[in-house]
Every structure is written in C-alpha cells, then in structure tokens.
Amino acid sequence: MESTMRSSAVVAAVLLLGILINGQFPGPKINCTSNNNIVVNVFNNLDEPFLLTWYGIQQRKNSWQDGTPGTMCPIMPGTNFTYRFQVKDQIGSYYYFPTTGLHKASGGIGALQVHSRLLIPVPFDQPADEFAILMGDWYTKGHKYLKKLLDSGRSLGRPDGIQINGKSSKVGDNDQPLVTMEAGKTYRYRVCNVGLKTSLNFRIQGHTLKLVELEGSHTVQNVYDSLDVHVGQCMSVLVTANQEPKDYYMVASSRFTRKRLLALATIRYANGKGPASTELPAPPPETAAGIAWSDQPVSVVPLEPHSQRRQTQPSGILPLRTDQHHPHHQARQLQGPKYYGAEDKVFKYDTIKDAPEAGAKPQGSGAQTRGRTTTWWMPLAGTAFRCTRDRGPAIMTTLDNAGMWNLRSEMWENAYLGQQLYVSILSPARSLRDEYNLPDNTQLCGIVKDLPKPPPYSI
C-alpha cells in the first residue's frame, strides 16, 4: 500500500485534497478468510508520520500490529512498515483507517472483509455478490486545517457534506452507478460509517434491508426500510433485486443534526431502463421514538455461545512493557484503589440499569442532553454501544488478550483532544502461549528510543 495526498472528487463534485491508498479513495478492499495471515507493506508518501489501524480486528496475542499512535511508532515520511497479523475467526465487516492526527478526515480508508471458511456455515444463503459501502461525514477543509482548529481550542463545527465511497451525488446527477444488480438475485451490502462525528441513516429506494451481521456478530434477521449506522459501526444487509429494472438511489443522510446533510449513489439494474425516481424515501423521525428506533439493530444481536462474534475489547500496541519487578509497580498492584485514593470509585455490580429511562439520548447522535442523565448496559456482543453525552459509558469486558490496547471515543474530535486511554493487560506467565514476541521490524521512538528491546519469550 502507498499513502499519498492527491486531489479526489468528493462532496458535491468539489475537488478536494485527500489521502489516497494506492491512488484510490476508498483504498483497496482487503478480502480474506478466517485464520488467514495478512501481510500489508505500507509506504508513507505523505509529509507527515502515518499509521493505519485495522479497526475491529482482535489482534489476538499480537497487539504489536494494531497501529495506534500512543503505543506504536508512526511510519515516518519516505519510509515503509510491514504489518503482519491474522484475522482469526472474526467473520464480518470491518475497515482500516489512519490514526495519526486528523488524517482520517482526509481519507486513507478502506474495507476489510473476513469471510467464513467453507466448512463453517453462515445463517443465510450465499449472495450473488457483495458491495462495500464506506460512508461518512466530510469536511472541505483538509486535515491540517482541522487539526489547527482543535489545537487552537475551537471545534470542528458542522461537517460540509456526506460522502459515499468518496463521492456525493444529488438528484438528477448523471453519475455512473456505484453498484449493478441483476433482477431476482440477492446481494450483500457491507455498510460502514467511517466519518468523524455524524450518525447516518442508510436506505435504498423501493428496497428493504435484511440485517444479517453487525460488527462480526450474526443477528436476528429483521427487515428494515432503513437503518441508522453510527460512527465506527459496520453492518451487513441483504438486498433483493425484486423491483422494476431501472435505476434507484442509495441514500445516506445525517441524523440528529440541525441541518440535514444528504448524499446519493446510483444502483442500476442490469439491462434496466429508466432513471431513478426523484422522490427519495423519507428518513426516520428525530423524536424520542426515533431515537429509540435508532438503537434497534443493537438490541437484536444474539448472545448464544455458538454465534459468530468478536469480543468487546480496545485496540493498540506498545513497543516496551512496564517493569513488573519495580517496587513502585508492585505497590500499585498490592494496594490497588487504596494506592490512588480511589476506594469510593471501585466498580460495583447491579448499579446500572438494564434499559434507558424515557428521554435519554444516545452518545452517537449529536443531540445535546440537558439536566439529569442515566447510564445503562446495552445487551450486545460487540462494541456498538452508546451512552448519554454527559456521562461516560459503563463497559464490561473480559481482559483475556495480553498487550497494550487503546480505548477511545469514536467521536474523532473527542479522541484527538484526549478522550482515550490505554489498557495494559499483562500475562504473568510471560509465554508465547499468551503473547507473541516483539516483531523484529518494530521501531522504537520517544522515551523508549534508546532502550533495549525486551527479551523474547522462549516457551
């Protein structure tokens, strides 16, 4: 892969400067099968340090490859780095994106799809084809300008538009179709919200959407006219080409924003005749009922042990470990909350409600909450949860993957300004059973630049 800055046509045909991967926006799609080994050599042709993360991939025993700037040295301009990781049994829809600065605002994004091995069945018939749909909010100003805004204490403000696979059409545009379907066949659309801050509603003229997968979890297969896709979320829907053979619009519109933003893409039936209707399907209401509806797909993820799902976990890597034998470290381990004077902040069970109170609003909506707020558990198998804006989420997860992981807000403005932390998960066994060795090509930088690398595990 090569990351470069070039002009790219996005958002209402305005020519903008974007980060391209191999000259493409979105970047090349990575198609793989569970347990495949992935090797990606990234050449940084930008004038700034650059990193890619493989969003949603568990990186089992291999936090060294996850690509977050707090724990992995960035790829410097004019140099390259080779990622090596295994996708394990994560059948589902994911994507990769840059984690350095605000590069995500300018692109550098691509789909990552993990397919099932032939011996492992999935709960729906093989579709005729699959389409990756990467949509998100977009700013006409480049990532450097946006970074200066945040560094000066200002906000990013409202986005300028919505993009679907790097383009944003409107009614009547004579664009080439984004996808083509044959009448009578069923197709899988892998839809991801790769934007910075805006929840989007996804819908297709005249067609229903059968939800079959959400971030690596197979779901109860409900049928929807449209679906809300929150920032960082991916899902798969089945669409059957059962309408009159002609063109139809795919619609992505902003949710819970003062000014509604809209982007269209054309779906064409093979051998179809006639343009798409100018009458677009209406979005869901932005009322209390509409907010509750927005979280419906989250609540239908099955939790049975046999379902294919990824575990809830943060992501990230660290070149060097904390010295477990240091007296200060041992004191922290022995005294725990007492050491930090935080006994009153120890987590207690059964204090968080199972359902939100009436009027509570989701984190990813962009809606402002005033007055009293509540926190609640979301019964799900992935990381697609939201919470009220004035109170942080409660997360319960199993820390069974040794390494250093980055836990952050998916509101990228918030993450850049510090709404993130790192979780170190240590294995006392110090064994290859629990964690791979530090790769030979790992670069050291910052305060660890001149320190020796940790000794490799031998058992």
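Trainee: Where is the place of Gln-59?
Mentor: In this predicted model, Gln-59 is found in the loop between β5 and β6.

Trainee: Why is Gln-59 called buried?
Mentor: Its relative accessible area is 1%. Buried means under 20%, so Gln-59 qualifies, at 1%.

Trainee: Which residues does Gln-59 touch, not counting residues up to four places away in sequence?
Mentor: Gln-59 touches Trp-54, Gln-65, Asp-66, Phe-85, Asn-401 and Trp-405 under that condition.

Trainee: How many aromatic pairs does the structure hold?
Mentor: There are 12 aromatic pairs. One of them joins Trp-54 and Tyr-83.

Trainee: What makes Trp-54 and Tyr-83 an aromatic pair, and why is the pair called edge-to-face?
Mentor: The centres are 5.1 Å apart, and rings pair if their centres lie within 6.5 Å. The planes stand at 85°; over 60 degrees counts as edge-to-face, so that term applies.

Trainee: Why does this pair tie together parts that are apart in sequence?
Mentor: Trp-54 belongs to strand β5 (residues 52-55) and Tyr-83 to strand β6 (residues 80-86), so the pair ties together parts 29 residues apart in sequence.

Trainee: How do you know that Trp-54 and Tyr-83 are buried?
Mentor: Trp-54 has a relative accessible area of 0%, and Tyr-83 likewise has 0%. The cut-off for buried is under 20%, so the term holds for each residue.

Trainee: Why is the pair of Trp-54 and Tyr-96 called tilted?
Mentor: The ring centres are 5.5 Å apart and the planes are at 55°.

Trainee: Which residues do ring pairs link into a cluster?
Mentor: The cluster consists of Trp-54, Phe-81, Tyr-83, Phe-85 and Tyr-96.

Trainee: What makes Lys-104 a residue over the face of Phe-97?
Mentor: Lys-104 lies at 4.5 Å from the ring centre, and the distance limit is within 6 Å. Lys-246 lies over the face of Tyr-248, at 4.4 Å from the ring centre.

Trainee: Which residues touch the most other members of the largest nonpolar core?
Mentor: Among its 31 residues, these are Met-181, Tyr-189, Phe-202 and Met-250. Strand β20 (residues 262-269) gives the most to this core, with 4 residues. A second, separate core of 23 residues includes Val-42, Trp-54, Phe-85 and Val-87.

How values were computed: Residues numbered from 1 in each chain as written. Predicted model: local features only at pLDDT ≥ 70, side-chain atom pairs only at ≥ 80, totals over all residues. Heavy atoms only, no water. Phe/Tyr/Trp six-rings, centres within 6.5 Å; stacked < 30°, edge-to-face > 60°. Helix = DSSP H or I, 4+ residues; strand = E, 2+ residues; numbered from the N terminus. Buried < 20%, exposed > 50% of the residue type's maximum accessible area, 1.4 Å probe, protein only. Lys NZ or Arg CZ within 6 Å of the ring centre and 35° of its normal. Contact = heavy atoms within 4.5 Å. Core = buried A, V, L, I, M, F, W, Y, C linked by side-chain atoms within 4.5 Å.
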